[in-house]
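Dear colleague,

I am passing on to you the structure below, and after it I set out what was found.

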Amino acid sequence: MAEQVSPSRQAAAAARPNLFQRWLERKREAAEGTDYLTSLPKRFVYVYLPVLLFLFILLFPFYWMGLTSIKPDTELIDLETHNPWWVVNPTLAHFNRLLFETDYPSWMWNTMLVAVSATFLSIVASVMAAYAIVRIRYSGSNWVGGLIFLAYLVPPSILFIPLAIIVFDYGLFDSPLALILTYPTILIPFSTWLLMGYFKSIPYELEECALIDGASRLQILVKIVLPLSIPGIISAGIFAFTLCWNEFIYALTFISSSENKTVPVAVLSELIDGDIYHWGALMAGALLGSVPVALVYSFFVEHYVSSMTGAVKE
Amino acid sequence: MATIAEREEVAAPAAWHWTRVRNNRNFLGFWFMLPAAAFLLLFLTYPLGLGIWLSFTDTRIGRDGVFIGLENFVWLADDPVFWLSVFNTFLYTIVASVIKFALGFYLAILLNNHMPFKAFIRAIVLLPFIVPTVLSAIAFWWIYDTQFSIISWSLTKLGLITENINFLGEPNNARASVIFANIWRGIPFVAITLLAGLQTIPASLYEAATIDGASRWQMFRHITYPMLTPIIAVVMTFSVLFTFTDFQLIYAMTRGGPINATHLMATLSFQRAILGGNLGEGAAISTAMIPFLLGAIMFSWFGLQKRKWQQGEADD
C-alpha cells in the first residue's frame with residue numbers, strides 16, 4: 001500500500017498527484033512475478049482485449065438464447081423494424097407455453113431423477129472401488145486401476161447399439177431405469193480415478209491406528225476416509241451430475257415415449273412440429289434446461305474445476 | 001480383564017479361520033470392488049464384446065442375426081457414404097482439435113495474467129462446457145438459421161455481404177459451422193485444464209529467463225511448452241477422443257445433412273442401426289472406430305508415463 005512504504009516513496013507519489021499513476025503503482029506492487037514489466041496500454045492490447053473477445057464469443061450464444069426466449073414471435077421474424085440485438089416488448093409467453101402446454105416439467109423431473117440416482121449409485125460404487133484399489137491393495141489392484149482408466153476412454157457412441165439390445169432384453173426399454181443403470185458406466189471410471197487420487201493423499205497412519213483399535217475396513221472407510229475426502233466426493237458428484245445432464249445418445253436410443261424423455265432429447269424432438277420451429281419456446285427450453293447445471297456449477301465452481309483438472313492430472 | 005478374556009474366547013479356534021478370511025486382502029477387495037465391477041462388466045465390457053460380435057452378423061431390430069463373417073465390412077468398403085463419413089470424421093477431428101488446442105492454450109496463457117475479476121472470468125469461461133451440448137447446439141442452430149441468422153443480419157448491415165449466408169444448407173458451410181460449434185464448446189476444457197498446468201510452473205523460471213534477457217516467445221518455447229508437454233498430451237487425447245466420437249452436436253444441428261456432408265461415423269451408425277434397423281451394419285461402423293480409439297489410448301498412456309518419469313515418481 002502506498003501509505004505504508006518508505007517516506008521517500010511517499011514523497012515521490014506526492015510529487016505526482018496523478019491518481020491514475022498512483023493506482024498503477026499500487027497495482028504493480030500487488031502483482032506478482034514479472035508482470036510489472038509491461039505497461040498498462042500494452043497489457044490492454046495483449047491481455048484484456050483478447051480476453052474480452054473470447055468472452056464475447058463464448059457467452060454470445062447464451063445471450064442469444066436468453067434474448068430469443070423473451071422476444072415475442074412478431075419481433076423474431078421481423079428484422080426490419082427493430083434491431084434484433086435487443087428486445088422491445090419482452091414477453092414470458094414462451095415460458096408459459098413451455099411450462100403449461102408441454103410435458104416440460106415432467107422432462108425436467110425425469111432428468112433430475114436419472115441424474116441424481118445415477119450419480120448416487122456411481123459415487124457409492126466408486127468410493128468402494130477406489131478405496132479397495134488404493135488401500136486394500138488386493139492382488140492385481142494395479143491392473144484393475146489401469147483397466148478402469150481404459151474404461152474411461154470407451155465412448156458411449158460405440159456402445160449404444162449393443163446396449164440397446166441388452167436394455168431391450170432386460171425389459172428396461174423406455175424406462176428411466178435403463179438410464180439410471182447405464183449412466184454409471186460413464187461416471188464410475190471417471191470418479192474412481194479421481195477418488196483414487198484423493199484417497200492416496202490421506203495419511204496411512206490414521207488407518208493403521210484404527211486397524212490397531214480393532215476397526216473393520218468398512219468402519220475405517222465410513223468413519224475415517226470418507227469424512228476426510230468430502231471435497232473429493234463433492235467434486236466427483238458435481239462432475240458426474242453435469243455429465244448425466246449432458247448425456248444424450250443413450251437417452252435418445254433407450255427412451256421412446258414423450259413423457260419419459262430427458263430434457264436434451266425432448267427439447268430436440270418434442271418442441272418441433274413438422275417444419276415449424278418455435279424458436280422462442282426452443283430457446284426457452286434450452287435456457288431452462290441449462291439452469292440446474294449452471295446453478296450447481298455456480299455453487300461449486302472450485303470443486304468442479306478441481307475435478308476436471310484432477311481427472312486429467314492424476 | 002473380562003473384555004480381554006472374552007476377546008480371546010471369540011478369537012479361539014472355531015472363529016479363527018473366519019477372522020483370517022475376513023481380513024484377507026483379496027476377499028475384502030472382492031466385496032469392495034463388486035458394485036463397480038458389476039456395472040462395468042454388465043454395461044460396458046459385455047456390450048463392447050457384443051458390439052464387435054454384432055458387426056459380424058446381420059442382426060436387424062426384432063430379429064436375431066446369423067454370423068456372416070466380414071460381409072458388413074465388405075459392404076461398407078463399397079459404400080461411398082461410409083467413406084464420406086470417415087473423411088468427415090477425420091476432417092472434423094483434426095481441424096477442430098488443432099484450433100481448440102491453439103485457441104485454448106492462448107486463452108489459458110491470457111487467463112494466467114493478473115486482471116480484475118479474475119476468478120469470475122475463469123468461472124464463466126467454463127460455461128460452454130457445463131451447459132448440455134444439445135441445448136447449446138440448438139442455440140447455434142438458431143444462430144445459423146437461413147432466414148433469421150443474427151450473423152447474416154449483422155454482416156449485411158455492416159455491408160460485408162449482400163445475401164444471407166446459407167450456414168447449414170451448403171456442404172462446406174455446414175462443415176465449417178459444426179466445426180465452429182465444436183470448437184466453441186471445447187475451448188473452455190482445454191483452456192481451464194492447461195491453466196491448471198500453467199499454475200504449477202514455478203515463477204522463478206520466468207524470473208531467471210527475464211534476467212537472462214529472454215523474449216516472451218523464447219520463454220514460451222523453452223519454459224512453458226516443455227513444462228506442459230505431459231498435461232498437453234493427456235488433455236489433447238481426451239479432446240481428440242471426444243471429438244472423434246462426437247454425436248450430439250451433429251445430430252442436433254444437421255442430422256448428418258446436407259447430402260451427408262456432416263455425417264460422422266457415430267451419426268451414420270445411429271442412422272443405419274436405430275433409424276434404419278440394421279443393427280449389424282451400424283455395429284460394424286462403430287467397430288471400425290475402435291482402431292483409432294486404441295491409437296489415441298496408447299498415445300495418452302505414454303503421455304501419462306512421461307509425466308510420472310518427469311516428476312520422479314515410481315510407476316505404480
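Chain B has 15 helices and zero strands, where helices (H or I, at least four residues) and strands (E, at least two) are DSSP runs numbered from the N terminus. This is a predicted model, in which local features need pLDDT of at least 70 and side-chain atom pairs count only at pLDDT 80 or more, while totals for chains, interfaces and linings use all residues. Residues are numbered from 1 along each chain as its sequence is written, and chains are lettered from A and ligands numbered from 1 in the order in which they are written.

Of the 316 residues of chain B, 39% are buried, that is, with 20 or more other C-beta atoms, placed from the backbone, within 10 Å of their own.

The contact between the chains takes 81 residues from chain A and 74 from chain B, two residues being in contact if their C-beta atoms, placed from the backbone, lie within 7 Å. On the side of chain B that touches chain A, helix H3 (residues 25-54) of chain B gives the largest share, 17 residues.

Within chain A, the axes of helix H7 (residues 141-152) and helix H9 (residues 176-200) come within 8 Å and cross at roughly 135°, the axes being lines fitted to C-alpha atoms over the stretch in contact, with angles from 0 to 180 degrees between N-to-C directions. H7(A) and H9(A) are therefore oblique to each other, a word for angles that are not under 35 degrees (roughly parallel), over 145 (roughly antiparallel) or 65 to 115 (roughly perpendicular).

With regards

How values were computed:
Buried ≥ 20, exposed ≤ 12 C-beta atoms within 10 Å, placed from the backbone.
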